[in-house]
Amino acid sequence: GTIALSDLDKLQVLGHGNGGTVYKVRHKRTEKLFALKVVHGDTDPIVRRQVFREMEILRRTDSPYIVQCHGIYEKPYGDIAILMEYMDYGALDTLLKKTGTFSESELAQVTSQILKGLSYLHAHKIIHRDIKPSNLLVNKTMQVKISDFGVSKIMCRTLDACNSYVGTCAYMSPERFDPDTYGGNYNGYAGDIWSLGLTLLELYLGHFPFLQPGQRPDWATLMCAICFGDPPSVPDGVSDEFRSFIECCLQKDSSKRWSASQLLTHPFVCKHSRCDC
Ligand code: ATP
Ligand code: MG
């Protein structure tokens, strides 16, 4: 049945995103835990639009690799709330800080799940556009799920341009800054693959790949590095499979990047997991 907001007890704040607050809540009768994202009525219209976008996508998706939505609550100009499954280990950025960098085999398990989520989304013509550690949630069985669809895009036509400046700049692909040089935006899906490559490299290195450990991001420098520099690469000592996988993601020319479903057959993923290919 449907869950009413009055059936829930707020336990604690899990985190603040830009615009909304995510609470850990408990269903009174069943004691089941959920995450509730609340955006207040007086928030900026742009943020409200993002929440409506997120609700639209969560309504359309049903996959074990996408965070599940259990309810949507809205008042025309009042608070908006989304009830989601509770991911008890939090996001991958928190896990990285808490337990340190990931080994190749841990990373391969994570990668295979994110790729299944991305290939589901892309098959449903949804581009996430904000893949990064803080938007990938984990539970205690090490299931990894994609969340946060505030800046995602539903492709209506296949040749839809999607070059608006949304999402976190740091994880944005070269073609989002400069479509003419880097393969155009005809394949917006490839932007998610670039962000995935950076995310995995960050989980392996322990710091954002375009910056030195502890270096503070300066957006102009970062944008120049993404557009004019070589793509980040893996350090010496990693396996050939991991090196090759990262290279398949971090091609500056978007048309040379592998798709999510191609990457699911890559040896890096197959070697470490019961693979379906
Ligand atoms: P941004 O606004 O830049 O995307 P963010 O990803 O941190 O930042 P939110 O998506 O609003 O912001 O989420 C805030 C935090 O709440 C997340 O980082 C995560 O730790 C936590 N969180 C979100 N959804 C859940 C969930 N379903 N289960 C557990 N924790 C969650
Ligand atoms: Mg987020």
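# Reading contacts, helix packing and burial

Q: Leaving aside its neighbours within four places in sequence, which residues is Ile114 in contact with?
A: Two residues are in contact when their C-beta atoms, placed from the backbone, lie within 7 Å. Beyond four places in sequence, Ile114 is in contact with Leu136, Val144, Ile146 and Leu196. Do keep in mind that this is a predicted model, where local features need pLDDT of at least 70, side-chain atom pairs count only at pLDDT 80 or more, and totals for chains, interfaces and linings use all residues. Residues are numbered from 1 along each chain as its sequence is written, while chains are lettered from A and ligands numbered from 1 in the order in which they are written.

Q: How do I read the packing of α3 and α5, and at what angle do their axes cross?
A: Helices (H or I, at least four residues) and strands (E, at least two) are DSSP runs, numbered from the N terminus. Axes are lines fitted to C-alpha atoms, for helices over the stretch in contact, with angles from 0 to 180 degrees between N-to-C directions. Here the axes of α3 (residues 104-123) and α5 (residues 189-205) come within 11 Å and cross at roughly 165°. Therefore α3 is roughly antiparallel to α5 (the label for angles over 145 degrees).

Q: Which residues make that contact?
A: On α3 they are Leu107, Thr111, Ile114, Leu118 and His122, and on α5 they are Tyr189, Asp192, Leu196, Leu200, Leu203 and Tyr204. By class, the α3 contact with α5 has eight nonpolar, two polar and one charged residues (Ala, Val, Leu, Ile, Met, Phe, Trp, Tyr, Cys and Pro count as nonpolar, Asp, Glu, Lys and Arg as charged, the others, Gly among them, as polar).

Q: Which residues touch the most other members of the largest nonpolar core?
A: In soluble globular proteins, nonpolar side chains tend to be buried together. A nonpolar core is a set of buried Ala, Val, Leu, Ile, Met, Phe, Trp, Tyr and Cys residues joined through C-beta atoms within 7 Å. The largest one here has 60 residues, and Ile114 and Ile246 touch the most other members. With 10 residues, α5 gives the most to this core.

Q: Is Val51 buried or exposed?
A: A residue is buried if 20 or more other C-beta atoms lie within 10 Å of its own, exposed if 12 or fewer, and partly exposed in between. Val51 has 23 such neighbours, so Val51 counts as buried. Val51 sits in helix α1 (residues 45-60). Its contacts beyond four places in sequence are Gly20, Val39, Ile80 and Gly150.

Q: Where does Ile3 lie, and what is Ile3 in contact with?
A: Ile3 is in the segment before β1 (8-16). Ile3 has 18 C-beta neighbours inside 10 Å and so counts as partly exposed. Beyond four places in sequence, Ile3 is in contact with Leu8, His27, His70, Gly71 and Leu83.

Q: What is the phi of Arg129, and what is the phi of Met142?
A: Most residues other than glycine have a negative phi. In this model, phi of Arg129 is near 70°, and Met142 has a positive phi of about 60°. Arg129 is in the loop between β7 (126-127) and β8 (136-138), and with 23 C-beta neighbours inside 10 Å Arg129 counts as buried. Met142 lies in the loop between β8 and β9 (144-146), and Met142 is exposed because 12 other C-beta atoms are within 10 Å.

Definitions and conventions:
Parallel < 35°, antiparallel > 145°, perpendicular 65-115°, else oblique.
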